[in-house]
Amino acid sequence: MSSTRSNSLDPVAIEGWSWQPFLEDAVDRLRPMGLEPYPVSDEFLFKQDQTGSKTKPTTVTTATWACRSEKFRQVRAACVCAGASASVLNFVINPLPRYDLPFFGGDLVTLPSGHLLALDLQPADKSDEKHTNHVWERLMPIFDRWRSELPDGGPIPDEAKPFFSPGFLWTRLPLGEEGDKIIASVVRPAFNDYLKLYLDLAAAAVPVSDQRRDHLLAGQRRYTDYRAEKDPARGMLTRFYGSEWTEAYIHNVLFDL
Ligand code: DBV
């Protein structure tokens, strides 16, 4: 097995990584949009280390897939595979501020305590109806369809609320057969429905004025700064790879606006 990845458009492949089919679905849908690789330096494209005790070490791999296109500043997937300790696909589409589009966000996380799953089209400015209404109108029926088949994930911090849409799909599922069944029959089609809507919105988006662009950019910065500051993966990544690598990864790759 090669120990590095080149910066290509092919989806990350990590042996035993449970979220691989989701990333493959996403890359298949994105390909027709005319993708180019987004530059990511080698140290963040592929990172591997050992964790756990000396007698029972686990390999922890973090790989990054990133591209850009005419309307997307950065599309990136952070892929973590650490055996039974963790499996994560964190997937974000960052549109260019020249287009009036929300962010696409997916956080698919498996920990020893269970699965935590989040999907949303997140606004750059929640109070701006011109930015949100036409998105929410089309998102809510999709949200309602899938939410009814998932347990509620429970409360999220108040300070996070400005950054979520009312279509924030958020659930926790148990490990094992029951959870796996719901992931295959509900979470995977929900992920693809959210992504399809997002790509439809992007296909229809036309460039906005300079003034509007500046407004959207300011909102995108607030969102990105928040995500970088509160990244729930910080603890896990720091345990695996140390603080220097983790902070550089969060600020220079994951949330780099
Ligand atoms: N989350 C990230 C990135 C990750 C990542 C870049 C590289 O933004 C993983 C990986 N999320 C991750 C992990 C956990 C969570 C939790 C490892 C578990 C942390 C832990 O328990 O140790 C959705 N993700 C969460 C939580 C929420 C979200 C609400 C629970 C937070 C908590 O309990 O404190 N993340 C949040 C969200 C989006 C998102 C709304 C966008 C759709 O990506």
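How much space lies in the largest cavity? In this predicted model, the largest cavity holds about 40 Å³ of space. Counting cavities of 30 Å³ or more gives two.

| Cavity | Space | Lining residues by class |
|---|---|---|
| Largest cavity | about 40 Å³ | seven nonpolar, one polar, no charged |
| Second largest cavity | about 30 Å³ | four nonpolar, three polar, one charged |

The lining of the largest cavity is made up of Leu117, Ala118, Leu119, Leu150, Leu169, Trp170, Thr171 and Val187. Two or more of these residues come from each of the strands β7 (114-122) and β8 (169-173).

Around the second largest cavity are Arg73, Gln74, Val92, Asn94, Tyr223, Thr224, Leu254 and Phe255. At least two lining residues each are supplied here by β4 (72-82), β5 (86-95) and α5 (210-230).

The nonpolar cores are the next topic. The largest nonpolar core has 52 residues, and the members that touch the most others are Leu23, Trp65, Leu89, Phe91 and Phe104. Helix α4 (residues 177-204) gives this core its largest share, 13 residues.

Which residues are in contact with leucine 89, leaving aside its neighbours within four places in sequence? They are Trp17, Trp19, Phe22, Leu23, Ala77, Ala78, Cys79, Gly106, Asp107 and Leu108. Among these contacts, Leu23 is also listed with the core members that touch the most others.

Technical notes. Residues numbered from 1 in each chain as written. Predicted model: local features only at pLDDT ≥ 70, side-chain atom pairs only at ≥ 80, totals over all residues. Heavy atoms only, no water. 1 Å grid on protein atoms, 1.4 Å probe; cavity = no way out; pocket = protein on both sides within 12 Å on 5 of 7 lines; lining within 4 Å. Points joined across faces, edges and corners; volume = space filled by probe spheres on them. Helix = DSSP H or I, 4+ residues; strand = E, 2+ residues; numbered from the N terminus. Nonpolar A, V, L, I, M, F, W, Y, C, P; charged D, E, K, R; others polar. Core = buried A, V, L, I, M, F, W, Y, C linked by side-chain atoms within 4.5 Å. Buried < 20%, exposed > 50% of the residue type's maximum accessible area, 1.4 Å probe, protein only. Contact = heavy atoms within 4.5 Å.
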